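Thanks for making time this morning.

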Amino acid sequence: MNSEIILTPEIVEKCGFKTNPTDFIFRLKSISLVYSGPDKGFIRVGINKPCYVQFLHQLQNLYFIETGEELNIQL
């Protein structure tokens with residue numbers, strides 16, 4: 001049984017990320033994500049090597065590594 005939560009734009013917004021409808025980039029602090037569809041999830045942009053983030057636990061880990069803080073999730 002797979003208990004991983006797949007990221008969707010709605011879940012990312014419930015984690016506090018905001019998006020501008022003109023560029024569709026989700027931003028929170030120093031992290032910027034672009035939604036690339038349900039098969040690939042999100043791509044972290046603004047870094048030399050893009051990073052794919054498909055599951056909620058990956059986003060939590062990325063956020064903690066980047067900020068040193070826990071990600072506040074309002075599911």
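**Arg44 and its surroundings**

Let me begin with Arg44, which touches Ser30, Ile31, Ser32, Leu33, Pro50, Cys51, Leu62 and Glu66, where residues up to four places away in sequence are not counted and where contact means heavy atoms within 4.5 Å. Before I go on, please bear in mind that this is a predicted model, in which local features need pLDDT of at least 70 and side-chain atom pairs count only at pLDDT 80 or more, while totals for chains, interfaces and linings use all residues. Residues are numbered from 1 along each chain as its sequence is written, and side-chain values use heavy atoms, with hydrogens and water left out.

Arg44 lies in strand 4; strands here are DSSP runs of E with at least two residues, helices are runs of H or I with at least four, and both are numbered from the N terminus. Is Arg44 buried or exposed? Its relative accessibility is 8%, so Arg44 counts as buried, given that buried means under 20% relative accessible area, exposed means over 50%, and partly exposed is what lies in between, with a 1.4 Å probe and protein chains only. The side chains of Arg44 and Glu66 are joined by a polar contact of 3.2 Å, a term that stands for a pair of N or O atoms within 3.5 Å, of which, within protein, one must be able to donate a hydrogen and the other to accept it, and for which residues adjacent in sequence count only if both atoms are side-chain atoms.

The C-alpha atoms of Cys51 and Leu62, eleven residues apart along the chain, are separated by 9.7 Å.

Lys40 sits in the loop between strand 3 (31-35) and strand 4 (42-45), and Lys40 is partly exposed, with a relative accessible area of 46%. Beyond residues up to four places away in sequence, Lys40 touches Tyr52, Val53 and Gln54.

**The aromatic rings**

How many aromatic pairs does a search of the whole structure find? There are two, counted where the centres of Phe, Tyr or Trp rings (for Trp, its six-membered ring) lie within 6.5 Å, with planes under 30 degrees apart called stacked, over 60 edge-to-face and the rest tilted. Phe26 and Phe42 form an edge-to-face pair, at 5.6 Å centre to centre and 85° between the planes. Because Phe26 lies in strand 2 and Phe42 in strand 4, this pair ties together parts that are 16 residues apart in sequence. Phe42 is buried, with a relative accessible area of 0%, and Phe26 counts as buried at 7% relative accessibility. The rings of Tyr35 and Phe42 have their centres 4.9 Å apart and their planes at 55°, so that pair is tilted. Tyr35 itself counts as partly exposed, at 30% relative accessibility. Taken together, ring pairs link Phe26, Tyr35 and Phe42 into a cluster.
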